[in-house]
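Subject: Structure for you, with notes on pockets and cavities

Hi,

Here is the structure we talked about.

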Amino acid sequence: MTNEKALLRKEALRLRVRLAAAAPDIAERLAAHVDALPVKAGDIVGAYHALPDEAEPARLLERLVERGVHVAFPRVAAKGQPLEFHRIPDGEVLHPGTYGIKEPAAHFPVVRPDLLLVPLLLFDGRGHRLGYGGGFYDRTIALLGVPAFGIAYEGQGISSLPAEAHDIALDGILTEHGLKRFS
């Protein structure tokens, strides 16, 4: 199954480049659905900084903060481990980490999110996601046991993805068309 997932990842990356080019306003379109997320003032949302061509959550995060929600960002503590989420002190910035992804410094305050926003390459109607293959989000979702919602372009949805025992299904997916929950 690993080879099948590797091929799907290559195809998904090419697809995402096309989807990003066709939807340069994705950040604003995602943010328009902020009220669909099951969070309230004071909650902590574990989010991420988008890689090139990923569905950009930055404007969505701004809208969450305007509603009194706190945002934390992931840090790779160690290979094979769940992600750690950190609040970013005012005036501090994120720097490229282990995989070139912007992440907080280890000394920033560690927090436990109430909800996760998760990047992905593909998703299916059962809530399965295809990530980048490191298993970080699967381990994190399993450890935290909080609702997890993928952030994606609608065009990243496919009929079915191969799922292994360690793959954790998402609770929903937020695309430019709104929030879809999986049962």
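Which residues line the largest cavity? Lys 5, His 128, Arg 129, Leu 130, Leu 161 and Pro 162 do. Please keep in mind that this is a predicted model.

**The cavity**

The structure holds 1 cavity of 30 Å³ or more. The volume of the largest cavity is about 30 Å³. By class, its lining has 3 nonpolar residues, 1 polar and 2 charged.

**The largest pocket**

Now the open spaces. The largest pocket holds about 650 Å³ of space. Its lining is made up of 30 residues. Nearest its centre lie Tyr 132, Gly 133, Gly 134, Phe 136 and Tyr 137.

Which elements supply at least two residues each to this lining? Two helices do, α1 (2-22) and α4 (136-144). So do the strands β2 (70-76), β5 (102-103) and β9 (129-130).

About 240 Å³ of space lies in the second largest pocket. Its lining runs through Tyr 48, His 49 and Ala 50, then Glu 56, Pro 57 and Ala 58. Leu 61, Glu 62, Val 65, Val 71 and Phe 73 complete the list. Two elements, α3 (58-66) and β2, each give two or more residues to this lining. The most comes from α3, with 4 residues.

By class, the second largest pocket is lined by 8 nonpolar residues, 1 polar and 2 charged.

**Pro 57**

Where does Pro 57 sit? Its place is in the loop between β1 (44-46) and α3. Is Pro 57 buried or exposed? Pro 57 counts as buried, because its relative accessibility is 1% and the cut-off for buried is under 20%.

Leaving aside residues up to four places away in sequence, Pro 57 touches Tyr 48 and Ala 50. Both of these contacts also line the second largest pocket. As for Ala 148, it is 91 residues from Pro 57 along the chain. The C-alpha atoms of the two are separated by 14 Å.

Send questions whenever you like.

Best wishes

How values were computed. Residues are numbered from 1 along each chain as its sequence is written. This is a predicted model: local features need pLDDT of at least 70, side-chain atom pairs count only at pLDDT 80 or more; totals for chains, interfaces and linings use all residues. Side-chain values use heavy atoms; hydrogens and water are left out. On a 1 Å grid over the protein atoms alone, a cavity is a set of points where a 1.4 Å probe fits but cannot get out, and a pocket is an open set with protein on both sides within 12 Å along at least five of seven lines; lining residues have an atom within 4 Å of a point. Grid points are joined across faces, edges and corners, and a volume is the space filled by probe spheres set on the points. Ala, Val, Leu, Ile, Met, Phe, Trp, Tyr, Cys and Pro count as nonpolar, Asp, Glu, Lys and Arg as charged, and the others, Gly among them, as polar. Buried means under 20% relative accessible area, exposed over 50%, partly exposed in between (1.4 Å probe, protein chains only). Contact means heavy atoms within 4.5 Å.
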